[in-house]
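Please look at the sequence and the model shown here.

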Amino acid sequence: MVWRMVLHKNNIQRPCFGLASELDWMCAHRYSDSCPNRVYKLSIAASIYLIWRERNRRQFQGVSVPAQTLGNQIIEEVRGRLCSWRNVKNSNSVSCYILES
C-alpha cells in the first residue's frame, strides 16, 4: 500500500513491483538526469529509509504507525527535498509533490 501511494504520487500507473525490480530499474537509469527520473529515485531512497526506520521502531520500541501515515511521511520527505532543489520547482513532474498535499 505504501509503495502504491508513492507510485501514484509520481504519476506512475503500473502494478507495484518488488524492491529488487525497483532497484534494478534505478540502477539501469542511474545516469539519466531527467526530472521525473530524479524524483522517482528520490522517492525510492526516501521509501527505503523511512520503511527501515519504521521497521526499527516496531522492532525495538514496539510502536508502529499505519501504512497510510508512513506513505504520507514518505511523500512529505520527498516534497521537502524537492522544495530545496534549485531550478526544479517549475517542472511538471515536481508540481504534483509541491502543490498537492
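The questions go from the whole chain to single residues.

This is a predicted model, in which local features need pLDDT of at least 70, side-chain atom pairs count only at pLDDT 80 or more, and totals for chains, interfaces and linings use all residues. Residues are numbered from 1 along each chain as its sequence is written, and side-chain values use heavy atoms, with hydrogens and water left out.

Q: What pattern does the protein chain follow along the sequence?
A: Helices (H or I, at least four residues) and strands (E, at least two) are DSSP runs, numbered from the N terminus. The protein chain has five helices and zero strands. Read along the sequence, the pattern is α-α-α-α-α.

Q: Which element of the protein chain has the lowest mean pLDDT?
A: pLDDT is the predictor's confidence in each residue, from 0 to 100. The mean for the protein chain is 82, and 84% of its residues reach 70 or more. Where pLDDT is low, the predicted coordinates should not be read in detail. The highest mean among the elements, 91, belongs to helix α3 (residues 35-61), and the lowest, 56, to helix α5 (residues 92-99).

Q: What percentage of the residues in the protein chain is buried?
A: Buried means under 20% relative accessible area, exposed over 50%, and partly exposed in between (1.4 Å probe, protein chains only). The protein chain has 101 residues, and the buried share of them is 35%.

Q: What share of the contacts with a separation of 6 or more joins residues 24 or more positions apart?
A: A contact means heavy atoms within 4.5 Å. Among contacts in the protein chain with a separation of 6 or more, those between residues 24 or more positions apart account for 56%.

Q: Which residue follows α3?
A: Helix α3 has 27 residues and reaches 38 Å from its first C-alpha to its last, close to the expected 39 Å. The residue after α3 has a positive phi, near 70°, and is Gly62.

Q: At what angle do α1 and α4 pack?
A: Axes are lines fitted to C-alpha atoms, for helices over the stretch in contact, and angles run from 0 to 180 degrees between N-to-C directions. The axes of helix α1 (residues 2-9) and helix α4 (residues 67-84) are 8 Å apart, and the angle is about 35°.

Q: Which residues of α1 make the contact with α4?
A: On the α4 side, the contact is made by Ala67, Gln68, Leu70, Gly71, Asn72, Ile74, Ile75 and Arg79. On the α1 side, the residues are Val2, Met5, Val6 and Lys9.

Q: How many residues apart in sequence are Ala67 and Val2?
A: Ala67 is found in helix α4 and touches Met1, Val2 and Met5, not counting residues up to four places away in sequence. The C-alpha atoms of Ala67 and Val2 are 5.9 Å apart in space, while their separation in sequence is 65 residues.

Q: What is the relative accessible area of Glu54?
A: Glu54 is found in helix α3. Not counting residues up to four places away in sequence, Glu54 touches Val63, Ser64, Val65 and Leu70. Glu54 is buried, with a relative accessible area of 3%.

Conventions:
The expected span of a helix is 1.5 Å times one less than its number of residues.
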